[in-house]
Amino acid sequence: MLSLHSSQSLLGTARSALTTALRTQTSIQKHGGPSFVRFRHQLAPRKVTFIKRHKGVIPIPTGGSIKGTTLAYGDWGLRIKGEGVRLTAKQLTTAEEVIKRKIKPVKGAKVYLRVFPDIPVCIKGNETRMGKGKGTFEYWATRVPAGRVIFEIGGTPVREELARDALRQAGNKLPTVMEFIDRKTPARLGNLLLPSEPKEGSDSTATSTLS
């Protein structure tokens, strides 16, 4: 027979295990899914209501919007020139680390990430039969259309040669065709490069020159 001390320790272990199980179940019911640990260096949402989502498609700017196709924070940028693509958090992190490593000697230089991976991607194993629900969560991603700015370099003046080399190396890590832009680069509507807006008084200048 079990002694009194061993029975009390066994009862305490069972009570702690039951408490942990109840806390986990309450957390799952409250947040709508399992809780994930997010570290400061990871590109992931802080809180997610539903961990599984439809696959979706790459957005196409058919309405004429040019939002997000020009620089907003820095002096140099990296923009998608080819087709839209789905970028994963790992790809964005790798490209960002390349830029930071390249511009590290410049004191005060900053890297701005214009997109954020907030779409959960679920994957099923190979040779799996149909049915039995959606696959398990694998990684975070974001759908980026053509002409969207991905990275910007600013904070302090950076030489064009250094910024161009850093963004070129970062573009090699991404699965699409990228282009280097600056403050004077016009906006892009999908694959169409829009002409720059004429400055005030340019028509009068042109007329006087022709006359």
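**Salt bridges and a pocket**

Reply: Let's begin with Arg-79, which is buried, its relative accessible area being 0%. This is a predicted model, in which local features need pLDDT of at least 70 and side-chain atom pairs count only at pLDDT 80 or more, while totals for chains, interfaces and linings use all residues. Residues are numbered from 1 along each chain as its sequence is written, and side-chain values use heavy atoms, with hydrogens and water left out.

Me: Why is Arg-79 called buried?

Reply: Buried means under 20% relative accessible area, exposed means over 50%, and partly exposed is in between (1.4 Å probe, protein chains only). Arg-79 has 0%, so the buried label applies.

Me: What makes Arg-79 and Glu-179 a salt bridge?

Reply: The term asks for a side-chain nitrogen of Lys or Arg within 4 Å of a carboxyl oxygen of Asp or Glu. For the side chains of Arg-79 and Glu-179, the N to O value is 2.8 Å, so the pair qualifies. Arg-79 lies in strand S1 (residues 76-80) and Glu-179 in strand S7 (residues 178-182), so this pair ties together parts that are 100 residues apart in sequence. Strands (E, at least two residues) and helices (H or I, at least four) are DSSP runs numbered from the N terminus.

Me: Which label does Glu-179 get, buried or exposed?

Reply: Glu-179 has 15% relative accessibility, so it counts as buried.

Me: How do you know that Asp-165 and Lys-102 form a salt bridge?

Reply: Their closest N and O atoms are 3.0 Å apart, so they meet the cut-off. Asp-165 is in helix H3 (residues 160-171) and Lys-102 is in helix H2, so parts 63 residues apart in sequence are tied together. Asp-165, at 22%, is partly exposed, and Lys-102, at 28%, is also partly exposed.

Me: What about the pair Arg-159 and Glu-161?

Reply: Their closest N and O atoms are 3.5 Å apart, so this is a salt bridge too. Arg-159, at 55%, is exposed, and so is Glu-161, at 54%.

Me: How many salt bridges does the structure hold?

Reply: There are eight.

Me: Which classes make up the lining of the second largest pocket?

Reply: It has six nonpolar, four polar and two charged residues. Ala, Val, Leu, Ile, Met, Phe, Trp, Tyr, Cys and Pro count as nonpolar, Asp, Glu, Lys and Arg as charged, and the others, Gly among them, as polar.
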